[in-house]
Amino acid sequence: MDHLMELPSMVLMGEGILDNSELISKTFKMGRRGLVVTGPHVWPLFGKKLSNGLDGVDLEIEMVEEPTVEVVETLTSNYIGKGINFIVGLGGGKNMDVAKVVSYRLSVPYISVPTNSSQDGIASPMASLRGADKPYSLKVRPPVAVLADTDVIRSAPKDQIISGVGELMAKVTAVRDWRLARRDVGEYYGDYAARLALTSANHAMHNAAKINQLNEEGIRGLVEALISAGVAAGIAGSSRPCSGSEHLISHALGEIAPQKGVHGEKVGLAAVLISYFYGMNWRLLIEKLKAAGLPIKFSDMGITKDELIAAVVRAPDLRPDRYTILHKLKPDRSRIAASIEAVDI
Ligand SMILES: [Zn+2]
């Protein structure tokens, strides 16, 4: 398969880099008008740090509550032809997804400034938006630069920080699904991208206890692994190395049990069930979730067994085009219930 590999050209990471206004002004030397897409909780905390470094730049600030197609359309039409030179996504996944798609639509550079370590969209070309009836993910362009301040990330709520471990563990089953799709349906498979995603997962699992302690080295490794996983998606030209059947279960849970659980918690635990279907070492995944301080039962997130079963049944229908073990096995309710019982999640 021919595809364009697009990767971030600059990644700046370290303690307190957002306080270094000289560094920020150098990184952002790309015009006089910038748009910051951020959230109502994040901007009051970190907005000043960012604007200090952008002295002399006209900054428009947009707060995003939900990453919907509608929000993207509104921002695009509001800013088209208004001379915006660059867009910053300051915050977590929601803000980044919107910033990424709007910058793509306006054809201006996008700069990623993560304030937590909960998801792999920091450096990836993928964005997911909520549509009128279901969520969908689209490939746009990766950030030109990533500015990851580990002091800022460490100050995020702990459940958001550690959930990045679950997000990365999901790569174990995502890659397995990708290999299955190559074998069963002849889908394009890129071994380098797959191995890079697996390396990110292994790194997070290896450092799970350190991350749980919010140790600087652990958090730094986690952020690097999330960036690498995003780069793996950039190399693959799709989210294949990062997102498989465990993500489909999480998306289905988003519809069936909305507002319950954090993304990384759900995909990490769903990866345990998928590993069981594959006959892989699911116990290791449980052990690492525990070490990271993540939930090891869906009931810890308020998700009932019935909701989980319904989500596993629904998952393959969310993306019939993306072949996974769930598309192959088409497990019925009783098989799913027995498997959940076996891994005790
Ligand atoms: Zn994810």
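In what order do the six strands of the open sheet lie, and with what pairing? Before I answer, please keep in mind that this is a predicted model, in which local features need pLDDT of at least 70, side-chain atom pairs count only at pLDDT 80 or more, and totals for chains, interfaces and linings use all residues. Residues are numbered from 1 along each chain as its sequence is written.

The order is 1-8-5-4-2-3, and the pairing is parallel. Strand 1 (10-14) and strand 3 (58-63) stand at the edges with a single partner strand each, so one side of each has no neighbour in the sheet. On average, neighbouring strands of this sheet are turned by 15° against each other, direction ignored. As for the terms, helices (H or I, at least four residues) and strands (E, at least two) are DSSP runs, numbered from the N terminus, and two strands pair if DSSP finds at least two bridges between them.

Let me turn to strand 4, residues 86-91, which pairs with strand 2, residues 33-38, in the parallel sense over four bridges. With strand 5, residues 110-114, strand 4 pairs in the parallel sense over five bridges. Gly-89 of strand 4 is the bridge partner of Val-37, and Gly-89 also stands opposite Ser-112 in strand 5. Strand 4 is mostly covered, six of its six residues being buried, where buried requires 20 or more other C-beta atoms within 10 Å of a residue's own, exposed 12 or fewer, and partly exposed a count in between, with C-beta atoms placed from the backbone.

Now to the helices. Helix 10 (residues 245-256) packs against helix 11 at an angle of about 125°, with the axes 8 Å apart, and that makes helix 10 oblique to helix 11. Axes here are lines fitted to C-alpha atoms, for helices over the stretch in contact, and angles run from 0 to 180 degrees between N-to-C directions; under 35 degrees counts as roughly parallel, over 145 as roughly antiparallel, 65 to 115 as roughly perpendicular, and the rest as oblique. The residues of this contact, between helix 10 and helix 11, divide into six nonpolar, four polar and two charged.

Helix 11 (residues 263-278) and helix 12 (residues 282-292) also pack with their axes 8 Å apart, at an angle of about 165°, and these two helices are therefore roughly antiparallel to each other. Gly-268, Leu-269, Ala-271, Val-272, Ser-275 and Tyr-276 of helix 11 meet Trp-282, Leu-285, Ile-286 and Leu-289 of helix 12, contact meaning that C-beta atoms, placed from the backbone, lie within 7 Å. The contact of helix 11 with helix 12 comprises eight nonpolar, two polar and no charged residues, if Ala, Val, Leu, Ile, Met, Phe, Trp, Tyr, Cys and Pro count as nonpolar, Asp, Glu, Lys and Arg as charged, and the others, Gly among them, as polar.

Finally, Arg-314 is found in helix 13, residues 305-318, and Arg-314 is partly exposed, with 17 other C-beta atoms within 10 Å. Leaving aside its neighbours within four places in sequence, Arg-314 is in contact with Ala-252 and Ile-256. The C-alpha atoms of Arg-314 and His-251, which are 63 residues apart along the chain, are separated by 9.5 Å.

Conventions:
Two residues are in contact if their C-beta atoms, placed from the backbone, lie within 7 Å.
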